[in-house]
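Dear colleague,

Please find below the structure that I am handing over to you. My findings follow directly after it.

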Amino acid sequence: MKKTLSLVLFLGIISALSGLCIGYVNGITEPLIAANELASEKQNLELMYPGKEFITIDYTGDDENILGIYEVSGEAYIVKVQGYGYSSTPIVALIGFDTEGTISNLIILSNQETNGYGSRCFEEEFINTAYIGKAMDEDVDMVSGATLTSTAMQNMIAAARNAVSALY
Amino acid sequence: MWNNFKNGFIKENPVFGLYLGMCSTLALSTSLNNAIGMGLCVTLVLICSNVLISLIRKITPDEVRIPVYIVIIATLVSIVEMFVHAFMPELYTSLGVFLSLIVVNCIILGRAEAFASKNGPLASAVDGLGMGLGYTFALTMISLVREFLANMSITFYNPFNAEQILFSFGIEALEPFKISLFSSSVGAFLTFACFAALFAVIRKHMNKKQEAK
């Protein structure tokens, strides 16, 4: 019994010490890691708002499709969001909302949707008319023949609106 | 002590001699950067774990020694991982899951059990350095062959700043003869087998020489 206790104690002390070390190092590296992530995202954010400062906002909701929220100081919010259309690889987009919650900007970062069908949702002309300028409660347009991709886009916009509406 | 160090390179090279840590060797030897980055991470973890385990070898109860080793190794790997993530994000992304998998790299637990638990801290540190550099050396050799055959060029960028290319070498005339097979796992096995054979020959030769003495 005494033997067992001393074994437990020894292992416990070692684990506690290592936990302490990891906690300490995490304290040093965490801000650096966050800064790095913002820096790597920055080149995408710059496409929407060139030359602006960006701040990462912690997302507290539980929607897995929200990949990140950024604030363009006082001007807009940008939500990085993913959604599943026809392909098993998600569509990843950045959606910018102005101070009223209107969609001001939308960039598709990556997608594997069928070329010529689903991809019509991502043509600049379509993005400009269907998505951009829509207010918080307005519906967005669909593309006939690309139901899955359009629905994915609708869901992504809904998720982004949901996430961003808490911030106003 | 010098012999311990030297052993790690040829006679007991962890990869070509003892055939330890093969998983990460085959997966990560696609580029020179990965190879050197991974090699140095492993070396660092190996030296620290060897020293720590050797320091507590007299007070470690025999029954729980393996869990104790695992806890120490896992802690060190987590620490190294966090530092790499913070200071070398590019390397962190390209090493991916294999960085955290250093925990289960059998070289480290193997050296802890076979060497550090029986020897003093200094000797253990030297053993860790030798073994770690032996591993780095093996990875580098494989990656040089693989990266060159797959791309007909070799580039090495500064791990702290991925845009700064420190070293680049390529033969443009060979560009059309790229063998992309070598960037896949088949290429890894082929390259590894050739090196293992070469090292076996060298070892045999060395043993013969020793016997003749």
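This is a predicted model: local features need pLDDT of at least 70, side-chain atom pairs count only at pLDDT 80 or more; totals for chains, interfaces and linings use all residues.

On the side of helix 8 of chain B, the residues involved are B:Met141, B:Ile142, B:Val145, B:Arg146 and B:Ala150. They meet B:Gly187, B:Ala188, B:Thr191, B:Phe192 and B:Phe195, which belong to helix 9 of chain B. Sorted by class, this contact has seven nonpolar residues, two polar residues and one charged residue.

Helix 8 of chain B itself covers residues 121-151. With 31 residues at 1.5 Å a residue, helix 8 of chain B should span 45 Å, and the 43 Å between its end C-alpha atoms therefore agrees with that expectation. The residue that follows helix 8 of chain B is B:Met152, which has a positive phi, near 60 degrees.

The contact of helix 3 of chain B with helix 8 of chain B comprises 18 nonpolar, eleven polar and two charged residues.

Helix 3 of chain B also passes helix 7 of chain B, residues 106-116. How do these two helices lie relative to each other? Their axes come within 10 Å and cross at roughly 30 degrees, which means that helix 3 of chain B is roughly parallel to helix 7 of chain B. This crossing, too, is right-handed. Helix 3 of chain B contributes B:Val42, B:Val45, B:Leu46, B:Ser49, B:Asn50, B:Ile53 and B:Ser54 to the contact. Helix 7 of chain B contributes B:Ile107, B:Ile108, B:Arg111, B:Ala112, B:Phe115 and B:Ala116. By class, the contact of helix 3 of chain B with helix 7 of chain B divides into nine nonpolar, three polar and one charged.

As for the chain as a whole, chain B has nine helices and two strands. Read from the N terminus, its elements follow the order α-α-α-α-α-α-α-α-β-β-α. Along its principal axes, the C-alpha trace of chain B spans about 60 × 55 × 25 Å. The radius of gyration of chain B is 18 Å, which agrees with the value near 17 Å that a compact globule of 213 residues would have.

Chain A has three helices and five strands. From the N terminus on, the order in chain A is α-β-β-β-β-β-α-α. What does the radius of gyration say about chain A? For 168 residues the globule rule gives 15 Å, and the radius of gyration of chain A, 22 Å, is well over this, so chain A is more spread out than a compact globule. The C-alpha trace of chain A spans about 75 × 35 × 25 Å along its principal axes.

Finally, I turn to the interface. Chain B has 15 residues in contact with 15 residues of chain A. Which element supplies the largest share of the side of chain B that touches chain A? That element is helix 4 of chain B, residues 65-87, from which eleven residues come. The residues on this side of chain B are eleven nonpolar, three polar and one charged.

Yours sincerely

Technical notes. Residues are numbered from 1 along each chain as its sequence is written. Chains are lettered from A and ligands numbered from 1 in the order in which they are written. Two residues are in contact if their C-beta atoms, placed from the backbone, lie within 7 Å. Helices (H or I, at least four residues) and strands (E, at least two) are DSSP runs, numbered from the N terminus. Ala, Val, Leu, Ile, Met, Phe, Trp, Tyr, Cys and Pro count as nonpolar, Asp, Glu, Lys and Arg as charged, and the others, Gly among them, as polar. The expected span of a helix is 1.5 Å times one less than its number of residues. The radius of gyration is taken over C-alpha atoms; the globule rule is 2.2 Å times the number of residues to the power 0.38. Axes are lines fitted to C-alpha atoms, for helices over the stretch in contact, and angles run from 0 to 180 degrees between N-to-C directions. Angles under 35 degrees count as roughly parallel, over 145 as roughly antiparallel, 65 to 115 as roughly perpendicular and the rest as oblique. A crossing is left-handed if the near helix is turned anticlockwise from the far one by less than a right angle, and right-handed if clockwise.
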